[in-house]
Every structure is written in C-alpha cells, then in structure tokens.
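User: I'd like to go through the labels on this one and see what each rests on. Can you put it up?

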Amino acid sequence: MITLSLLIFALAYLLGSISSAILLCRLFGLADPRSIGSGNPGATNVLRIGGKFPALLVLLFDLLKGLLPVYIGYYLGLAPLNLALVAIGACLGHMFPMFFRFSGGKAVATGFGAILPLGIDLAILLLCTWLLVLWLTKYSSLAAILSLLLAPLYTWLLHPEYALAVSLLSLLIIIRHKANIQRLCMAQETKIGANKDLDSS
C-alpha cells in the first residue's frame with residue numbers, strides 16, 4: 001500500500017505540474033499570467049487577463065488536478081493520511097510545476113478539488129464560507145485563508161477520520177499564502193475588482 005501511495009503521489013505531482021493557466025493563456029493568445037497582473041498563474045489572474053471563459057476553464061482544470069488523483073486513491077482504498085500525501089502531491093505540483101521552471105500558483109482550487117471526494121456536504125460548506133468572506137471583505141486571499149483555517153473543523157464535524165489529512169493540506173496552502181497574510185496585516189492587500197488585485201488561485 002505504501003508503494004501504491006508513493007506511485008499515486010508521483011502521478012499527482014506530475015498532473016499538478018501541468019499549469020492550465022499558462023497553457024490556456026498561450027492557447028488563447030494571452031500574456032503569460034506569471035508576467036502580468038498579480039503574477040499568479042491561477043483562475044483569478046486569468047480572469048483579469050482574458051475574461052470569464054478562459055478563467056472558467058483554468059478553474060475547472062485546476063479542480064480536476066486535485067480531484068482525480070485523490071479520487072483514484074480513495075477508490076483504491078488508501079488510508080486517510082495516504083490520501084493526504086496524494087493531495088499534497090497534486091498541490092505541490094501546482095505550486096512548483098516541474099514543467100514550468102517550478103513557478104506556480106497558490107493551489108487553492110487544486111486543494112478544493114482534492115477535498116471534493118470526501119463529500120459534497122464538506123464542499124458546500126467550504127464554498128459558502130469562501131463566498132461569504134469574499135462578499136463581506138472583497139479580499140480573495142482572505143476568503144481562501146479563512147476557508148482553509150475552517151476546513152479541518154468542518155471535516156472533523158462531518159468526516160472526522162479525514163480531519164488530520166485535511167489539516168495537513170490546509171497548512172501547506174496557508175503557508176503558500178505567507179505574502180498575502182503579510183499584506184493583509186499591513187493593510188496593503190488589494191481587494192478583488194481593483195486594477196492590481198492580488199489573487200490566491
């Protein structure tokens with residue numbers, strides 16, 4: 001089972017390393033998302049660069065990068081901590097893609113996709129939390145960070161056997177938001193919709 005977990009981890013990392021934001025921007029003739037806007041190759045920055053349709057495609061592909069390997073591991077009966085390893089592999093691939101000079105995004109969408117196989121109830125709670133915080137504050141990064149902070153609690157209430165796994169995944173993505181947290185603390189983070197908003201996709 002350990003060998004199987006490591007194999008799926010490696011496959012998850014490779015899948016995560018396929019940057020849909022960069023590839024779709026090339027396909028649509030748009031600027032490299034790493035060189036414009038927030039500099040983050042994620043759906044929010046692509047929305048800024050090319051509009052709703054390319055951004056929706058990026059969001060869908062980034063979700064699938066997390067969902068597919070975790071679902072495969074879930075289907076094959078991997079233990080919760082091994083599933084966490086697979087989810088972390090997908091997110092590490094998104095954050096540090098080997099195919100794109102290890103320059104990637106924040107992995108919020110990929111992490112959300114990795115949590116989806118655990119249950120639609122958990123997914124709805126996280127989505128509602130993200131939307132509520134975004135609506136109240138207009139900070140995309142804050143919405144992501146607070147959703148990640150609450151994810152282990154939601155998981156413990158709904159699917160307690162996966163609480164530790166989700167905690168590890170949330171911690172990884174929150175650490176990736178270090179710069180956003182610093183800007184929020186100094187009141188320098190720009191709100192969504194502004195010309196230079198900094199996203200957390």
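Analyst: Let's start in helix H4, where Lys 65 and Asp 62 sit 3 residues apart and so are separated by about one helical turn. Helices here are DSSP runs of H or I with at least four residues, strands are runs of E with at least two, and both are numbered from the N terminus. Helix H4 itself covers residues 52-75. Before we go on, this is a predicted model, where local features need pLDDT of at least 70, side-chain atom pairs count only at pLDDT 80 or more, and totals for chains, interfaces and linings use all residues. Residues are numbered from 1 along each chain as its sequence is written, and side-chain values use heavy atoms, with hydrogens and water left out.

User: What makes Lys 65 and Asp 62 a salt bridge?

Analyst: The term asks for a side-chain nitrogen of Lys or Arg within 4 Å of a carboxyl oxygen of Asp or Glu. For Lys 65 and Asp 62 the closest N and O atoms are 3.5 Å apart, so the pair qualifies.

User: Why is Asp 62 called buried?

Analyst: Buried means under 20% relative accessible area, exposed means over 50%, and partly exposed is in between (1.4 Å probe, protein chains only). Asp 62 has 2%, so it counts as buried.

User: What does Asp 62 touch?

Analyst: Leaving out residues up to four places away in sequence, Asp 62 touches Ser 20, His 94, Ala 109 and Thr 110. A contact needs heavy atoms within 4.5 Å.

User: How many salt bridges turn up in the whole structure?

Analyst: The search finds 3. Another one joins Arg 34 and Asp 32, with the closest N and O atoms 2.8 Å apart. Glu 189 and Arg 183 also pair up, at 2.7 Å.

User: How do you know whether Glu 189 is buried or exposed?

Analyst: Glu 189 has a relative accessible area of 5%, so it is buried. Arg 183 comes out at 21%, so that residue counts as partly exposed.

User: And why are Arg 34 and Asp 32 called partly exposed?

Analyst: Arg 34 is at 27%, so it gets that label. Asp 32 has 28%, so it is partly exposed too.

User: What about Thr 155: buried or exposed?

Analyst: Thr 155 has a relative accessible area of 0%, so it is buried. Its place is in helix H8, residues 140-158. Among the residues Thr 155 touches are Leu 122, Tyr 162 and Val 166.
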